[in-house]
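I wanted to go through this model and write down what its geometry says. The entries below are my notes.

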Amino acid sequence: MDVYDELMQLTGFEPGEAKEYKSTLKAGLQKWLVTEDDVRFAITERLPKCWSTNLEGMRKILGCWLKEFIRVVMPTPEETKVCHVLYPQPGMLYLDPIKRADPSIQVGVPDCLATLVGSAYFGVGWKYVEAAEREGAAIEQITCSLNKARYGLHVLGILPRADASLAFHTFCEDAALADQLIHEWDGTRTWTPYRVRDIPFAGDPFDADNINYFAASLKEGHRKAEEWLGIKITDEHRKEAMEILGRGFIEIMSPIWGHMKADPAPLNANDVIYATLPIASALDTGYDDFFKANAILQEELMQMVEKGEGVVPKGTPRVAWRGVHPWGCPWLIPMCHELGLSADSPEAFLFGEFAISNAMDAVGGEEDMYMLMARLLALISVVGTSVDFVYQSTSDHMKEYGMDGLISSTYRPCRAFASHSLMVARMIEQKMGLPCITPDVDIYIDRGDFPKERMKTILETFADVVKKSKAKREGVKQ
Amino acid sequence: METLSKCIAERPGELKKLKDAGAKVVGTLGLGYIPEELIYACGAVPQRLIKGGERQAVDEAHAYCHTAFSTFHKAQIGYLLGGKEPLYNSLDYLVVEAGDWFSELAGMHVYAEKRMPTTWLGIPGNVDFSGALQYFIRSLEKLRATLEELTGKKLSDEKLKEYILLYNEMRSLLRSISHLRKTPSPPISGLDFIKLNHASFYCEPHAYVDVLRSIYNEMKDTVGVYTAGTPRIAIFGCPIAEGDYVLPRLIEDAGGAIVAEELCGGIRHFESNTVLNGNLMESLAARYYPPYPRDPWKYPWGEDLPALYTRIIEDYNVKGVIWYQLMYMEAFAYLGHIVGKRLKKLGIPMMTLQSEYDLEGRMEANRTRVETFVEIVRTSGKGA
């Protein structure tokens, strides 16, 4: 049994499947610049320590991601055209109708895979980022590593030239900017569905003109895809994609959030992200395996909750993790556990229970896919909604889960994250009186510029403060 | 020029007088999409937030925002929240462009900390989309309603037309003066032209146009201030703020002639006037929101945006370019990379100089770099 066999075992492949898949896996990993040593690192260090690989469902979910990682660089022989979107945007909802319109189109969210798998499993994300930095994504300007990785994949020739790249601007200016570099590099055709961020400062976050424009712009993106890919997207295709979204919300997100309210929580934050993200991302390999893996996982979670088992001892202080969970540094989660903190319930952005639940409530009944997307994104984006609204969903989440503090991660290269995180942390501290920190971490690619020792010192101090604050509050209650 | 310098220096006092007389002062933050004509015509006084170059303002901002945030916008946050800058303390209201995330986030920081009355001007970034101009027109209409409410005055077509024509004249004069720099020996230094342009954000427009007119009349037939063979340099890139004059000084001290600049929102754009077509708001929108990218946050760039720069090279006979890169304004770094490639094809040397309003702290090193660059342009036979 070599490292590739062990990798497949650890990521839930069935024996027969593994045998058949091994040569594809090896070729795909090689294309991604993942060496045998990197695979060894994944199977000995990264995967078993950062995810609940003791759970079959979790192993299979990790396997779904791995297969998608390989697929994006090793299209099936039938796949002759390529359409990319990028994270963070609800790729599933946007790409699925395209795939349904013509299954021979490969759809993908390559930046997400470069970071979620390339960086998080194998620690190789820096290779893609450095390639981008050599070709104009200036290192000293400290820009988004997610988008740099995406551009770097084109520079290195890891990705095929896309026939259409539709990078939303909604959340992220760097996405649209990186698309300009990608177009310059290999002529990839790009278009930017755009949401103007003239968001009401308070009150109803839906401004009709704003939402209508964004929805029209999303529709135009699909029209471009039709033109460039030679397809016709029908109402039926859109309806089917919306059904998957609804199914994902009902069958995956809601139950997982429910289980995560238990003390102790049965999954760690890394698990939660990987188990829910495909609904926001997109899978060219399809969603069947992913739903099956989740069904297994939820059986396991139910049993764990019944038995009172979890990833930390019962009563461990809980802190919320606001912003994108830093999958670029998955080691942060076991580090929190070692320090006696549970930071396992991320909130806000695409994964937050309150952000998404509130959004789903608000858009319930919307039948037009573009309007649905526009309204959803108006509520769950980083800079797409008001600071007061973000504060509200963060504080609601913290109250509901009985959180003892907040880690509001800033991320230096993402101006939006960094800004909102600082604003919200200050508001939580002032209004809720709970301890907050705003550590600077690379949420996408760990290239050593946020050293573990420094993070440990920060988290150690924070853990002490949280424990004292919790004891004080409980003392007052008694 | 002395009159204009005085006008800038005395602006805070001037604003105070206007406020005492009941006027509302409206600060504008962005890249030049907010029509001052509209603000004046609604009875308020616009004040473009364009000050910069001071490290202290940047440091003040670090109390509120992340360090890796656009230098220019950190300075605006520092001035707005620091409370030490009389000009910024005069504001009653803030209009922020929602069209680039730095302006948006700076606006949010100020709102979150100070709850300063603020409104957005929504600017779509996908300029080639059919609904984009309509959205911008609606944004202007919303701004108009906000301003009317703020001042309690109804906008009249007459008033708006008066200011549109005045600003057209202002831009025409700036354009004419700038075109004088196309001659082998320009009659105005680059630094003076940048200052002249900046003054347009500080002076009462009627008075400013009078001064511009006299400057133009004085200059149009005069012998230039540069000798033949002086290296003709353009400054491209990030906004040069009012007060951020280290780079132009370094270039001119090194013997270079700054004959053109494309500094995004750092200068008033004067290349086109408002064409009156019946509906004044639509006319204004068409002028302020052209159907091609005017800054790096408008997509797709395609060849349109790089061409904005290469056209200047041709029009002004530019022989070398210094790309002014403020720290953490990544959009310009990306654009600079692409423009650099185009210039290479044209055989035009380009040097990038980065600043976080700290050039003075590294003055000798920067002086050497600029002097070397100017010398390269001169000795490579690229002088005029």
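The entries that follow go through sheets, core, interface and backbone.

**Conventions.** I am working with a predicted model, in which local features need pLDDT of at least 70, side-chain atom pairs count only at pLDDT 80 or more, and totals for chains, interfaces and linings use all residues. Residues are numbered from 1 along each chain as its sequence is written, and chains are lettered from A and ligands numbered from 1 in the order in which they are written.

**Sheet in chain A.** I looked up the strand order and found an open sheet of four strands, β2-β1-β3-β4 of chain A, with parallel pairing; helices (H or I, at least four residues) and strands (E, at least two) are DSSP runs numbered from the N terminus, and two strands pair if DSSP finds at least two bridges between them. The edges are β2 (105–108) and β4 (190–191) of chain A, each of which pairs on one side only. Helix α5 (residues 91–101) of chain A packs on this sheet, touching β1 and β2 of chain A, and its direction makes about 170 degrees with that of β2(A); contact here means C-beta atoms, placed from the backbone, within 7 Å, and the axes are lines fitted to C-alpha atoms, for helices over the stretch in contact, with angles from 0 to 180 degrees between N-to-C directions. Between β1 (residues 81–84) and β3 (residues 164–166) of chain A I noted two bridges, and H84(A) stands opposite S165(A) in β3(A).

**Strand pair in chain B.** β7 (residues 320–326) and β8 (residues 350–355) of chain B pair in the parallel sense over six bridges. The chain crosses from β7(B) through α15(B) to β8(B) in a right-handed β-α-β crossover, that is, the path from the first strand over the helix to the second runs clockwise when the strands point away from the viewer.

**Core.** The largest nonpolar core has 295 residues, and those touching the most other members are I61(A), C83(A), I98(A), L406(A), I233(B) and A234(B); such a core is a set of buried Ala, Val, Leu, Ile, Met, Phe, Trp, Tyr and Cys residues joined through C-beta atoms within 7 Å. Helix α16 (residues 369–380) of chain A gives the most to this core, with ten residues. Leaving out residues up to four places away in sequence, I61(A) touches Y274(A), A275(A), F290(A), A293(A), N294(A) and L297(A).

**Interface.** I found 37 residues of chain B in contact with 41 residues of chain A. On the side of chain B that touches chain A, α7(B) gives the most, with eight residues.

**Backbone.** Which peptide bonds are cis? I noted the one from D263(A) to P264(A), with omega near 5 degrees, and the one from Y299(B) to P300(B), with omega near -10 degrees. P264(A) lies in the loop between α11 (235–260) and α12 (269–276) of chain A, and P300(B) in the loop between α13 (280–288) and α14 (304–315) of chain B.

I also noted that C264(B), though not a glycine, has a positive phi of about 50 degrees. C264(B) counts as buried because it has 25 C-beta neighbours inside 10 Å; the cut-offs are 20 or more for buried, 12 or fewer for exposed, and partly exposed in between. N317(B), also not a glycine, has a positive phi of about 50 degrees, and it counts as partly exposed because it has 17 C-beta neighbours inside 10 Å.

Note on methods
Contact = placed C-beta atoms within 7 Å.
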